[in-house]
Amino acid sequence: METIDLFEAIRQMRILSQEGRSFSMVHSTWNRDTCTSDGQRLVKRARLRPQAKGDEISQADHKLFYFDMDERQNRNCWQVLLMYFNGIRVTLN
């Protein structure tokens with residue numbers, strides 16, 4: 001099975017987003033405040049948003065901020081919970 005390193009996947013997401021192109025991803029959900037998960041989220045068409053500053057949002061350096069183009073919503077996820085990028089399994093090396 002083909003894999004991609006987490007930080008390489010994020011790098012490619014940034015490039016695609018800067019070019020105005022979307023990508024797909026799957027990530028696990030986790031709400032740190034309530035210690036709950038809604039399982040996995042499939043995002044068929046996403047683009048990264050600018051990274052929030054650490055003083056504005058708790059743990060911002062560890063999150064991906066994206067726009068779900070199908071749901072038309074701003075969302076975020078923990079970087080380490082990214083599972084697939086454009087159908088390729090994401091690994092943390």
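Which helix is F7 found in? Select residues 6-18 and you have the answer, helix α1 (helices are DSSP runs of H or I, at least four residues, and strands are runs of E, at least two, numbered from the N terminus).

Before you go on: this is a predicted model, where local features need pLDDT of at least 70, side-chain atom pairs count only at pLDDT 80 or more, and totals for chains, interfaces and linings use all residues. Residues are numbered from 1 along each chain as its sequence is written, and side-chain values use heavy atoms, leaving out hydrogens and water.

Stay on F7. It counts as partly exposed because its relative accessibility is 48% (buried is under 20%, exposed over 50%, partly exposed in between, with a 1.4 Å probe and protein chains only).

Next, pick C35, in the loop between β2 and β3 (40-48). C35 isn't a glycine, yet its phi is positive, about 55°. With 56% relative accessibility, C35 counts as exposed.

Hop over to N86, which sits in the loop between β6 (82-85) and β7 (88-91). Here's another non-glycine with a positive phi, about 50°. N86 counts as partly exposed, at 38% relative accessibility.

Last stop: the lining of the largest pocket. Select W30, N31, R32, N76 and W78, which lie nearest the pocket's centre among its 17 lining residues (a pocket is an open set of points on a 1 Å grid over the protein atoms alone, where a 1.4 Å probe fits, with protein on both sides within 12 Å along at least five of seven lines; lining residues have an atom within 4 Å of a point). Now colour β5: this strand gives the most to the lining, three residues.
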